[in-house]
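Subject: Structure for your review

Dear colleague,

Please find the structure below, together with its sequence. My findings follow it.

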Amino acid sequence: MFYSIFRTSFLHGRQAMACPQSFNLSMIKKSTTLRCFSNTSNQNSFTVSYLMNKCGFTPEFASFASKYVHFETPERPDSLFAFLENHGFSKTQILNLIKRRPRLLIYDTEKTLLPKLEFFYSIGFSRPELTKILTSYPAVLICSLKKQIIPSFNLLRNLFQSDDKAIKTIKRYGAIFVYEFERNLIPNMNVLRGIGVPESNILMLLNHQPRPLLYDQVRLKEIVEEVKRMGFDSSTKKFIDVVIALSSMSKSTLEKKFDVYRRWGWSDQEIHEAFQRYPMCMAVSEDKIMAVMDFLVNKMGYSSTLVAKQSSILRQSLEKRIVPRALFARELLSQGLVTDFKLSVLFHTSEKVFVDRFKNKAPDLLKLYKEKLNASEKKKELV
């Protein structure tokens, strides 16, 4: 069975090491923290004070951070705040950067940081896009511009034969610059080439979900071998979908998702078939699975088995598509304007085709449907 395959081959985990009962970890951690704070605060009292007063760090975290950064005057850390503010970073974003990379406080902003930002601007990033990427992946600011960032971008551009696709890949996963391409990316691309994955599919994976290609080779090889054992053809795009799905979760997470689907009455065979039809149904979070199934089964009355046969629905937006369209369909049915609604037609039709289908048959209901969609959009903007 599909589930047992996962349990016995792909899902092998590491054994946990148990601490002896006499080892009181909490007491040692507490003692170490107090001693570290006492020693460091004496040596770097200005640094600790700055981190607490300017950055709002707790005494414990300020003490911890001061082990990695030291300054005796505020000029250089203050210049970092001013520099980042001038480039569109909010105070919250700046503090997040410093908390994750305290060393930035002692950087020469004009010599070290400005050239990196100017490079990203030169290849087409806007300030809002760049602040978002760097706040999410501050390690990029630590990378060498000449030795890592520029060569990595040039390699991506050469692979895609397109600046635009290279930039889109970076926007989707800004941490790509942290990895050594010669050590991870190129060997992993060769792994896929070696089993017959077309170059176009490899580049599609790199463009849309680059993380699997940046893993350790052993990890990717395990995933690829499991996908092959499951019978997926390496020449198809679905093979890539399965690689993405399996690489996005741990053993325990996948087991929990199986349990969630079983809770809704899916048999192992139905889970297997749902995965075969739409592999990304396993990449949906447990909370999202529960929310979608609860709405469709308990509130709308669809059978759980029917949803299993249309497992791609689980990837649709609950607020933007599933709820508005399901309620719209229920009204159409109640008024006798339609006699049946297939789930595929209801949830997989494009917005334009869906609206055009009913603009003459139910204009008033369609108006309410659009109002609900607009309300959902505004609610999301306020969050």
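Predicted model: local features only at pLDDT ≥ 70, side-chain atom pairs only at ≥ 80, totals over all residues.

Helices α20 and α22

The axis of helix α20 (residues 318–334) comes within 13 Å of the axis of helix α22 (residues 351–358), and the two cross at roughly 15°. The helices α20 and α22 are therefore roughly parallel to each other. Their crossing is left-handed. On the α20 side the contact involves R321, R325, F328 and L332, which meet E351, F354 and F358 of α22. Sorted by class, the residues of this contact are four nonpolar and three charged, with no polar ones.

Helices α11 and α14

For helix α11 (residues 185–194) and helix α14 (residues 217–229), the axes come within 10 Å, with a crossing angle of roughly 20°. This pair, α11 and α14, is therefore also roughly parallel. Here α11 passes α14 in a right-handed crossing. P187, N188, V191 and L192 of α11 make the contact with Q217, L220, K221 and V224 of α14. Five nonpolar, two polar and one charged residues make up the contact of α11 with α14.

Helices α7 and α9

Helix α7 (residues 109–122) and helix α9 (residues 145–160) cross at roughly 10°, and their axes come within 11 Å. Consequently, α7 and α9 are roughly parallel to each other. The residues in contact are P115, K116, F119 and F120 from α7 and L145, I149, I150 and F153 from α9. By class, the contact of α7 with α9 contains seven nonpolar residues, one charged residue and no polar residues.

Aromatic pairs

A search of the whole structure returned 19 aromatic pairs. One of them is formed by F232 and F275; this pair is edge-to-face, with 6.1 Å from centre to centre and 80° between the planes. The pair links distant parts of the chain, 43 residues apart: F232 lies in the loop between α14 and α15 (237–247), whereas F275 belongs to helix α17 (residues 268–277).

Confidence

The mean pLDDT of the protein is 85, and 87% of its residues reach 70 or more. Over residues 1–42, however, the pLDDT is below 50; this stretch has 44 contacts in the model beyond near neighbours in sequence.

With kind regards

Key: Residues numbered from 1 in each chain as written. Heavy atoms only, no water. Axes fitted to C-alpha atoms, helices over the stretch in contact; angles between N-to-C directions. Helix = DSSP H or I, 4+ residues; strand = E, 2+ residues; numbered from the N terminus. Parallel < 35°, antiparallel > 145°, perpendicular 65-115°, else oblique. Left-handed = near helix turned anticlockwise from the far one by under 90°. Contact = heavy atoms within 4.5 Å. Nonpolar A, V, L, I, M, F, W, Y, C, P; charged D, E, K, R; others polar. pLDDT = per-residue confidence, 0-100. Phe/Tyr/Trp six-rings, centres within 6.5 Å; stacked < 30°, edge-to-face > 60°.
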